[in-house]
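Subject: Structure handover

Hello,

Here is the structure I promised you. Please open it next to this note; what I found follows below.

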Amino acid sequence: MRFTTTIGPVERRLRDELEGGPIHVTLIDPEKSPGDRAASLARAAVRAGSAAILLGGSTGISRELVGEAAAAIRRSVQVPTIIFPEGPGSLAPEADAILFMSLLNSRNLDLVVRAHARAAPVVRAMGLEAIPMGYLVVAPGMRVGEVGQVDVVPRDAPELAAGYALAAEMLGMRLVYLEAGSGAPSPVPPGLVRAVRGAIRVPLVVGGGIRSGADARPLLEAGADVLVTGSVTEEAGIGEAFRAIVAEVQRGRRR
Ligand code: 1GP
């Protein structure tokens, strides 16, 4: 065949897991948790039920930090290690894949597509599996909203969010991520999640501000396929809150 755009093994594996219901993914910031610390967090997170590890943060993480953490994590767990990039500087061949994402509602074209033109040849040369994703920041947006120069989607604008998400899908992106911002006082509103879930056919990722089982449940009921948490682990390790969130996800798999 002359033309191939096959789905890679990491995305295939996530899709297979999603056939059984929602999944939980742990975000680790290699600046806060470098190398072996990242690996021990990942080990505990996977033991508690996370299906993948995302590596990223919102401030200038170096290739070395990402590479070291990715290598240590891959030695420690069997689930995919996926880069959640904050820019072309955070690419490292030690990971399994990268969320190759367009920040859909940024005013800065670099973050929509121009940085991608610089990063794409590097991703290909590194042999990283690219998973195309539309990334949509919802109010309050927190730090990513600021550094991403984002026109945030208002929390009461589900139709706007659904339009962006459907456009992402029609542009060929195979994941949509609704982001309230790391450390947001509350997650993306469930009504907005429901509207987006109803509009698209690709898996829906939701993150930002999920701190408890009570936060997670309405998002899952609204149709979130992947819940991402970062701060809860950075602040309290794999503790009660983390386990309660994962328990809600597992309950979603039994529904
Ligand atoms: C940030 O959505 C992720 O990109 C995780 O957010 O740190 O609030 O869990 P938290």
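A residue counts as buried under 20% relative accessible area, exposed over 50%, and partly exposed in between (1.4 Å probe, protein chains only). By that scale Gln149 is partly exposed, because its relative accessible area is 34%. Gln149 is not a glycine, yet has a positive phi of about 45°.

Two notes on the source. The model is predicted: local features need pLDDT of at least 70, side-chain atom pairs count only at pLDDT 80 or more, and totals for chains, interfaces and linings use all residues. Residues are numbered from 1 along each chain as its sequence is written, and side-chain values use heavy atoms, with hydrogens and water left out.

The fold

Helices (H or I, at least four residues) and strands (E, at least two) are DSSP runs, numbered from the N terminus. Strands pair if DSSP finds at least two bridges between them. Eight strands form a closed barrel, in the order S1-S2-S3-S4-S5-S6-S7-S8, with parallel pairing. From one strand to the next, the twist averages 30°. Angles run from 0 to 180 degrees between N-to-C directions, and axes are lines fitted to C-alpha atoms, for helices over the stretch in contact.

S3 (residues 81-83) and S4 (residues 97-103) share two bridges, in the parallel sense. Ile82 stands opposite Ala97 in S4. Helix H7 (residues 190-199) packs on the sheet and touches S6 (175-179) and S7 (204-207). Contact here means heavy atoms within 4.5 Å. The direction of H7 makes about 165° with that of S7. Helix H2 (residues 35-48) lies across S1 (23-28) and S2 (52-55), at about 165° to S1.

Ala139 and Pro140 are joined by a cis peptide bond, with omega about 10°. Pro140 sits in the loop between S5 and helix H5 (142-147). Met142 is in H5. Its phi is positive, near 50°, and it is not a glycine. Met142 counts as partly exposed because its relative accessibility is 28%. Gln149 lies in the loop between H5 and helix H6 (158-170).

The second largest pocket

A pocket is an open set of points on a 1 Å grid over the protein atoms alone, where a 1.4 Å probe fits, with protein on both sides within 12 Å along at least five of seven lines; lining residues have an atom within 4 Å of a point. The second largest pocket is lined by 15 residues. Thr6, Arg124, Leu128, Glu129 and Ala130 lie nearest its centre. Helix H4 (109-126) and strand S5 (129-137) each supply at least two lining residues.

Best wishes
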